[in-house]
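Hello,

Here is the structure you are taking over. My notes on it follow below.

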Amino acid sequence: MDYNATNLKEEISKGCLLPYCSFCKNVPPGGINSGIIIKKTFICKKCEWEIVTAEIGEPKYDKLIDRLKELYRHWH
């Protein structure tokens, strides 16, 4: 099930806690089992894969590095 703002609010009102990815801001279909948690920050498997497969020089590489730097600053 894909979650949008409406059904996310419904799930929260039912007492369900759903993670959202710190990179793409989406809730993965598999919930907490569909990603990793690093220092209380959830990253979905899709974004995790983008991070580990990004190659230096690709346009998305610099964006991913900048986002990781933002998260790192948040952790400290």
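**Notes on the model**

Lys39 sits in the loop that runs between β1 (35-38) and β2 (41-44); helices (H or I, at least four residues) and strands (E, at least two) are DSSP runs, numbered from the N terminus. This is a predicted model, in which local features need pLDDT of at least 70 and side-chain atom pairs count only at pLDDT 80 or more, while totals for chains, interfaces and linings use all residues. Residues are numbered from 1 along each chain as its sequence is written, and side-chain values use heavy atoms, with hydrogens and water left out.

Most residues other than glycine have a negative phi. Lys39, not a glycine, has a positive phi near 50°. Lys40 is in the loop between β1 and β2, and its phi is also positive, about 65°. Lys39 is exposed at 55% relative accessible area, and Lys40 is exposed at 84%. Here exposed means over 50%, buried under 20% and partly exposed in between (1.4 Å probe, protein chains only).

Arg67 belongs to helix α3 (residues 59-75). Arg67 is buried, with 18% relative accessibility. Leaving aside residues up to four places away in sequence, Arg67 is in contact (heavy atoms within 4.5 Å) with Ser22, Phe23 and Lys25.

The count of disulfides (pairs of cysteine sulfur atoms within 2.5 Å) is zero. Cys24 is in none, and its nearest cysteine sulfur, in Cys21, is 3.8 Å away. Cys24 is partly exposed at 25%. For Cys44, the closest cysteine sulfur is in Cys47 at 3.7 Å, which is too far for a bond. Cys44 is buried, at 7%.

Regards
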